[in-house]
Amino acid sequence: MTPLLRRLRQDLFATPADGLVTVLLLALIGAGGFAVLHWALGQAQWAVIRANSTLFAVGRYPLDQQWRLWLLTALLAAATGLSWGMLRSHPRPDRGGSLWPRNDWMAVGMVALLSLALPSLLGLALPLQLRWWAIAALLLLLRWLAGRFGPLLPAPLKRCLPLGLPLLYLLGMVLIGGGLALEPVSPSQWGGLMLTLLESSFAILLCFPLGVLLALGRRSDLPLLRWGSVVYIEFFRGAPLITLLFLGQNMLGFLLPGGVAPERVWRAAWVLTLFAAAYLAEAVRSGLAAVPRGQLEAARSLGLSTPQAFTTVVLPQALRVALPSMVGQFISLLQDTTLLSLIGLMELLGTARTVMANPAFLGRNAEVYFTLAVLFWCCCAALGLGSRALERRLNPSTLA
Amino acid sequence: MARSPSVGPSPAPGLVTPVPWWRHRRVVPWVVQGAVALTVLVVVAFLLGNLIRNLTAAGLLLTWNWLGQPAGFDISETLLPFNAELPYWRGLAAGLVNTLRVVITGLVGSTLVGTLLGMASFSGNALLRGLTRTYVEVVRNIPLLLQLVFWYFVVFLSLPNGTAALQLPGVVLAKSGLYLAGFGDGLHWIGPQLQNGVWQAPLRLSVEFGALLTGLIAYTAAFIAEVVRGGIAAVPKGQWEAASSLGLSWWQTLSKVVLPQALRVIVPGLNTQFISLAKNSSLAVAVGYTDLYSVAETTLNQTGRAVEVVLLLLGTYLALDLFISLMMNGLNRLVQIRER
């Protein structure tokens, strides 16, 4: 018997009962897989996705202003390629010193495949397909350039590069919403994947500092800070998100001076932020608990002030420990944005509802939900993969 | 604070800047807490002031007597009797009972399914392990709301009616509802029967309830499976080896030796999952099941009593969470290993 066969037998047919389970499961997987494939390739009518791909991507964003979103996508691709290349341009011992580790080649393949296959699968017009190819080419080109010539850049410039990311975010806001000589586009016209990503990235970025402050407050020796943080965290963790969104939509108008209540999209974004901060605080708190007390005492005895000790010694260690659970919270935040459809916003699920209400696509629920599920699954799985890669990178035992 | 630039001989006495009084270690805590208290007070006073001013202007100051007025809406599916003439508070109570109904059945169902899944991830069968892993990874990375509308619109609403309905032993799944066998008059067992093209059974559940319950169980079970897996993994490997060297089978080892020890790790994790199930049940509104949140939304639309309705909602869910936590803390004390 070859080792492979022996291994198979040990894993799948160790006892008669095991063998039976294996056969039953194989039959189940076969039947299920066949049913899904039969549906996806035979019965499903994917025209509902092809005909509405723009709606799913950006909602009812005005057609003559959509060049701004293309520009933003290109900028994001450029930033991704640049940061990816810069990260790899300093070969690290744990990666065998390679500028092009094997995973990167797989990622390049994915980008190429997606940019070639997806637009044609969606039946986009050729000029739009060409735009996606150009964007993918830009990403890969900058990845190569930054990896090749990144180390030659002067050090001060390299230190300033990360500052470009928050600037890019603000620029993205301007491009989407208008202002600075651009025609304003009202938030009620934002929608689709763009709104989902906008709401979740806004909440993720802002809940982070708030959550860290709350976690520090909850572990503080000052009773007032501690109790204030506890009340905040337990309030937001005790209520279902939908009731908080409901509160935001119906009560915020009463809590602010007449007429200044923000647009519904922003109200929802703020509720998401405040909600996520409470959960993030608990994740950070568990990280803080994992840092030995001696670290703070040692830092203080070296003459660092308490804020200095926290920002330079305690928090970096705590956040590294808390990273997996923090990313877990970000993933559930991304999923929670679907609740915005219940308060009438046109994010992905809300867009899906309007598409399915269209008489031309009546009864196409399965195709639409299946597509959304795949999309969300990919986004969440990508976040999870990114988190694991970051974890490895930050692991002190592999630091050079 | 004066920081010397390098470690060396201490500077001459006159060169040490004295610590200013406002940075004294006795003073700093008071200053910080005072500043925080002041900020919080100002914000709260600002919000409350606006609230009272706006509510007075709208003629909606906090009152509760609207709860006694006739509701004017119907609830399709209730355990408590309710109709449009009964007051609002009866409607909210019926909604709460509907919430409790789905939460309690959901807790039992997801614990059973989740525990089985968690145990299956330690099976000797690689295919079973892989399938469990895949299930957990798929379910956890898709939003619950999406799963719920999928179960409702795609699965339950496409069930056939009449003779074509899905018939399992003791259960019939049809678009008009889920029919379960049970005890009829005189305590004899009655299965679902088709009468004049309409199914009849001792127990009928709506498809809305069915979809919500299935979705909640399928979702929560994946998280509970992870909790159970973590708990079992926390039991030292020697326990498995010792039990099997005593001749216990895989099932005996797991149920008699490993699980009892894993429970003390599992129960706190279950608490979190149970509370999120209770909160997630409020997504019922997406599949048309009239739970507490859905009744509250209708009530608000009819009365305009935003503040009271939101307060009631938040208070009820908080009480529900606290109740679950209390129960689970009690259970946690029971399963802790008592050492001498």
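This is a predicted model: local features need pLDDT of at least 70, side-chain atom pairs count only at pLDDT 80 or more; totals for chains, interfaces and linings use all residues.
pLDDT is the predictor's confidence in each residue, on a scale from 0 to 100.

**Entry 1: confidence**

I started with chain A, where the average pLDDT is 85 and 95% of the residues score at least 70. Chain B also averages 85, with 94% of its residues scoring at least 70. For the model as a whole I noted an ipTM of 0.87 and a pTM of 0.86. Then I asked myself which elements of chain A have the lowest and the highest mean pLDDT.

**Entry 2: domains**

Next I looked up how each chain is divided. Chain A is assigned domain 1 (63-185) and domain 2 (190-400). The centres of those two domains of chain A, taken over C-alpha atoms, lie 25 Å apart. Chain B is assigned domain 1 (22-54) and domain 2, which is made of two stretches, 88-141 + 209-335.

**Entry 3: where the chains meet**

How many residues of each chain are in contact with the other chain? I found 50 residues of chain B in contact with 53 residues of chain A. Together the two chains bury about 4,400 Å², and 74% of that is on carbon and sulfur atoms. I looked for salt bridges between chain B and chain A and the count was zero. Polar contacts do turn up: eight residue pairs between chain B and chain A, with both residues at pLDDT 80 or more.

Which helices of chain B supply at least two residues each to the side that touches chain A? My list reads helix 1 (27-58), helix 3 (126-140), helix 4 (144-155), helix 8 (292-303) and helix 9 (306-335) of chain B. Helix 1 of chain B gives the largest share of that side, eleven residues. I sorted the residues on this side of chain B and got 37 nonpolar, seven polar and six charged.

**Entry 4: salt bridges**

Over all chains, I get a count of twelve salt bridges. I picked out one in chain A, where the side chains of D104(A) and R143(A) meet at 3.0 Å, N to O. This pair links distant parts of the chain, as the two residues are 39 residues apart. D104(A) sits in helix 6 (residues 102-121) of chain A, and R143(A) sits in helix 7 (residues 126-149) of chain A.

Terms used
Residues are numbered from 1 along each chain as its sequence is written. Chains are lettered from A and ligands numbered from 1 in the order in which they are written. Side-chain values use heavy atoms; hydrogens and water are left out. Contact means heavy atoms within 4.5 Å. Buried area is the accessible area (1.4 Å probe) that two parts lose on being put together, summed over both. A salt bridge is a side-chain nitrogen of Lys or Arg within 4 Å of a carboxyl oxygen of Asp or Glu. A polar contact is a pair of N or O atoms within 3.5 Å; within protein, one must be able to donate a hydrogen and the other to accept it, and residues adjacent in sequence count only if both atoms are side-chain atoms. Helices (H or I, at least four residues) and strands (E, at least two) are DSSP runs, numbered from the N terminus. Ala, Val, Leu, Ile, Met, Phe, Trp, Tyr, Cys and Pro count as nonpolar, Asp, Glu, Lys and Arg as charged, and the others, Gly among them, as polar. Domain bounds come from an automatic or database domain assignment.
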